[in-house]
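Here is a friendly note to read alongside the model. Take the points in order and keep the view open as you go.

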Amino acid sequence: MKNMENEYLNTAIFAAKESAKILLSYIGKEKNVDYKGKINLVTEVDRKSEDNIIQIIKERYPSHQIIAEESKPDSSRAEYTWYIDPLDGTTNFSHDYPIFAVSIAFEIDRKLQVGVVLDPTRSELFRAVKGKGAFLNNKKISVSDTRFLKNSLLATGFPYVITERSIKLFNHFLSKAQAVRRAGSAALDLCYLASGRVDGFWELDLKPWDMAAGKIILKEAGGIITNFTGGEHSLFGNNTLASNRLIHKELMNEIEIAEKE
Ligand code: IPD
Ligand code: CA
Ligand code: CA
């Protein structure tokens with residue numbers, strides 16, 4: 001099993017790096033933005049990046065299941081499943097705003113084994129293997145030791161269709177935390193939490209490919225990820241709360257208060 005884990009990790013890293021080259025080659029150029037629904041963007045680059053990752057995985061593991069945002073969003077989970085977000089932060093990318101990433105994760109029997117998130121513009125590669133810790137490039141990372149919400153920097157995001165519920169939570173945390181950031185890539189938000197750059201994160205309506213890689217990276221860095229009430233987190237659920245552990249209870253309490261307002 002040990003060598004297989006490394007093989008899966010290397011496959012994810014190789015695929016992410018190849019896709020990063022595709023993304024970078026489009027910076028400053030026409031990206032042919034298209035719309036899925038009213039405001040959900042997709043570019044020809046999302047599709048190229050995804051085709052490239054799927055081809056690499058399929059060549060090595062033809063029988064594995066793939067759940068990928070652009071071409072296979074509704075595939076059911078199988079024993080061996082890969083989660084692919086070929087470009088997390090498409091809105092940023094379409095404006096040449098340099099916060100976006102490639103996100104690839106692999107699970108066996110519904111347990112995440114490997115996660116890789118690559119930020120091409122900063123050459124930052126976040127990675128984790130189950131039970132082996134989390135790394136940024138070659139440095140081990142861990143969550144922050146911030147103890148109180150009032151001293152915390154939080155990250156969040158909004159679904160494409162913004163609801164009153166998400167605005168309520170955002171407003172609430174603006175006055176409870178030191179500051180709140182909405183950077184535009186959930187995969188990077190989770191990795192920034194894993195590496196201590198932010199202390200907490202919440203979001204509604206994320207998809208499995210947004211979270212899978214970031215989730216294992218965060219857990220391996222000592223963080224915690226649950227639903228809004230502290231229950232078990234599901235990649236297929238609609239609410240995500242993650243933190244450095246120390247402020248988790250406070251975050252849960254504030255969510256409860258905000259949702260009653
Ligand atoms: C989006 C980003 C964003 C989050 C949205 C996601 P995409 O993914 O992760 O941060 O707030 O909910 O849909 O569409 O850029 O891959
Ligand atoms: Ca995404
Ligand atoms: Ca995407």
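**Notes on helices, a metal site and a sheet**

1. Ala186, Ala187, Leu190, Cys191, Leu193 and Ala194 of H5 meet Asp210, Met211, Gly214, Lys215, Ile217 and Leu218 of H6, where contact means heavy atoms within 4.5 Å. By class, this contact has nine nonpolar, one polar and two charged residues (Ala, Val, Leu, Ile, Met, Phe, Trp, Tyr, Cys and Pro count as nonpolar, Asp, Glu, Lys and Arg as charged, and the others, Gly among them, as polar).

2. A word on the source: this is a predicted model, in which local features need pLDDT of at least 70 and side-chain atom pairs count only at pLDDT 80 or more, while totals for chains, interfaces and linings use all residues. Residues are numbered from 1 along each chain as its sequence is written, chains are lettered from A and ligands numbered from 1 in the order in which they are written, and side-chain values use heavy atoms, with hydrogens and water left out.

3. How do the two helices pack? H5 (residues 186–194) and H6 (residues 208–220) have axes 8 Å apart, at an angle of about 5°. They are therefore roughly parallel to each other (under 35 degrees; over 145 would be roughly antiparallel, 65 to 115 roughly perpendicular and the rest oblique). Axes are lines fitted to C-alpha atoms, for helices over the stretch in contact, and angles run from 0 to 180 degrees between N-to-C directions. Helices (H or I, at least four residues) and strands (E, at least two) are DSSP runs, numbered from the N terminus.

4. Donors are N, O and S atoms within 2.8 Å of the metal (3.2 Å for Na, K and Ca); water is not among the atoms, so sites may look incomplete. Asp88 in strand S4 (residues 80–88) and Asp210 in helix H6 are 122 residues apart, so the pair links distant parts of the chain. Asp88 is buried, with a relative accessible area of 6%, and Asp210 is buried too, at 10% (buried means under 20%, exposed over 50%, partly exposed in between, with a 1.4 Å probe and protein chains only).

5. Asp85 bridges the calcium ion (ligand 2) and the calcium ion (ligand 3), which lie 3.6 Å apart.

6. Finally, look for an open sheet of five strands with mixed pairing, in the order S11-S10-S12-S14-S13; two strands pair if DSSP finds at least two bridges between them. Its edge strands are S11 (179–181) and S13 (224–226). H5 lies across S10, S12, S13 and S14, at about 155° to S12.
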